[in-house]
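Please keep the sequence and the model in view while reading.

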Amino acid sequence: AAAADLAGVSLEVLVLDGWTGEVQARRAFSETMIKHVAWSADGATLYAAEQSPDANVYALDPATLVPRWTLRLADLVETSAAPSGEDVYGVYKLPAAYGLEVLPDDTLLIAALHSWPDDDGVRHNASQLLVVSTEGQVVSRWPEQPADATLKHPRVFGDRVAVVVGRSSDGPAPTDLPIGGVQLLTLPDLTPERAVITPALEPWFKQANVWEALDLDADHLLIGFGDGRLRVVDRAGADTLALSTGAPVMAGDVPILAGIGWGLLHEDTAVFNTSGTQIPYGALSENMRPPTAHPNENGLWVVHLNGEPAWSWTGPYNIVGLSVGGDDRHLVVGAGVRSADTRRDLYGALIFDMRGPDRGGEDRLETICATEGPVFFRQALSADGRL
């Protein structure tokens, strides 16, 4: 959908048998891109959230995929016109849910986000974090009015939620939001608890940026940044762990880095990846390529919260997404598109055993589940062994 005019485009939601792959229900949604799906706790409702001029969130009957109710996020964060066919990334200028979580009481947590340029080229942001009832009614929101910022990738633990706060709009930034950081709130009322602000890594960046490297447990918050830094802070906001694993180093007169895209907390460790070598955006020119590899590029890193390394792994695979299996023992690592070469035998999922001391990453790699094409950055491993 991103590479075509949305008019006439339809994308599908499918319900599959988890063992056989048999299609049990399917439904096409026109002029939209489905961004998230999630099940209610009892499996009786399937939720789907889209990126489109309407930015609808649907509560679907899983047997028929007929909507029981629809919530239009564009009523909250505004709308914009569908992109033309020449605008490859135009779909991302439309409003969307940049987070969809089913809470323990079966209400929904939704991060509604819209980032778009107006007719004069001035860029705007409108975002709001919502708790929505099982009937599709907004029961709490933060902030009270949509923020001139981007709110993305909420993570929930117990009665707390952490959400990434960024900004891509023009003009002065709001002073009451932790731009480049993370806001912690309590559920279900979305009462602000603490803001964790992270300064930009100058001179290479004007703002700290988090992709999806965010996790939360009872005592800690993990934040990984595109500039190669990682922070774990405690409930008081003090750093428990601060690493610069992929941060910029100089290769001659060129800065190079390995950004952190995904990260999670597991027992007493921080687990995160580093990307392939990049040049900071502010230093990038059309003719520049990294002259050499960053020393910590393209790795999987496991570090105790006291700062002691636990184990690490590097390989030819391009890491896209991390998740811990339903047995709380196995780590799933996706392998996606590689920019360095065109090999097609390096796609799929890698399964690591997280338990036991005194083993390196190679000894922990239990299985490589190869796929014909590159995988997306969201995977899951169930307790009964389905990947």
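## Leu201 and its surroundings

Beyond its neighbours within four places in sequence, Leu201 is in contact with Asp227, Arg229, Ala247 and Pro248, where contact means heavy atoms within 4.5 Å. This is a predicted model, in which local features need pLDDT of at least 70 and side-chain atom pairs count only at pLDDT 80 or more, while totals for chains, interfaces and linings use all residues. Residues are numbered from 1 along each chain as its sequence is written, and side-chain values use heavy atoms, with hydrogens and water left out.

Leu201 sits in the loop between β14 (191-196) and β15 (214-216); helices (H or I, at least four residues) and strands (E, at least two) are DSSP runs, numbered from the N terminus. Its relative accessible area is 21%, so Leu201 counts as partly exposed, given that buried means under 20% relative accessible area, exposed over 50% and partly exposed in between (1.4 Å probe, protein chains only). Between the C-alpha atoms of Leu201 and Phe377, which are 176 residues apart in sequence, the distance in space is 26 Å.

## The chain as a whole

The protein chain contains two helices and 28 strands. Its radius of gyration is 21 Å, which agrees with the value near 21 Å that a compact globule of 387 residues would have; the radius is taken over C-alpha atoms, and the globule rule is 2.2 Å times the number of residues to the power 0.38. Along the principal axes, the C-alpha trace spans about 55 × 50 × 45 Å. Of the contacts in the protein chain with a separation of 6 or more, 47% are accounted for by residues 24 or more positions apart.

Of the 387 residues, 50% count as buried. The chain exposes about 18000 Å², of which carbon and sulfur atoms supply 50%, the areas coming from the Shrake-Rupley method with a 1.4 Å probe and, for residues, with only the protein chains shown counting as cover. There are 27 positive and 52 negative side chains, and the centres of the two sets lie 2 Å apart. In this count Lys and Arg are positive and Asp and Glu negative, with His and the chain ends not counted, and the place of a charge is taken as NZ of Lys, CZ of Arg, CG of Asp or CD of Glu.

## Nonpolar cores

In soluble globular proteins, nonpolar side chains tend to be buried together. A nonpolar core is here a set of buried Ala, Val, Leu, Ile, Met, Phe, Trp, Tyr and Cys residues joined through side-chain atoms within 4.5 Å. The largest such core has 20 residues, of which Leu300, Leu322, Leu331 and Phe352 touch the most other members. At least two residues of this core come from each of β23 (299-304), β24 (309-314), β25 (319-324), β26 (330-335) and β27 (348-353). Apart from this core lies another, of 19 residues, among them Ala55, Leu73, Ala97 and Leu108.

Most residues other than glycine have a negative phi, and most peptide bonds are trans.

| Site | Feature | Value |
|---|---|---|
| Leu187 to Pro188 | cis peptide bond | omega about 5 degrees |
| Glu202 to Pro203 | cis peptide bond | omega near 5 degrees |
| Asp106 | positive phi | about 75 degrees |
| Leu190 | positive phi | near 55 degrees |

Pro188 lies in the loop between β13 (181-186) and β14, and Leu190 is placed in the loop between β13 and β14 as well; with a relative accessible area of 2%, Leu190 is buried. Pro203 is found in the loop between β14 and β15. Asp106 belongs to the loop between β7 (96-102) and β8 (108-117) and, at 16% relative accessibility, counts as buried.

Gly180, in the loop between β12 (160-166) and β13, is buried with a relative accessible area of 1%. Leaving aside residues up to four places away in sequence, Gly180 touches Val165, Gly166, Thr198, Gln207, Ala208 and Phe225. Ala380, by contrast, counts as exposed at 53% relative accessibility and is placed in the segment after β28 (365-370).
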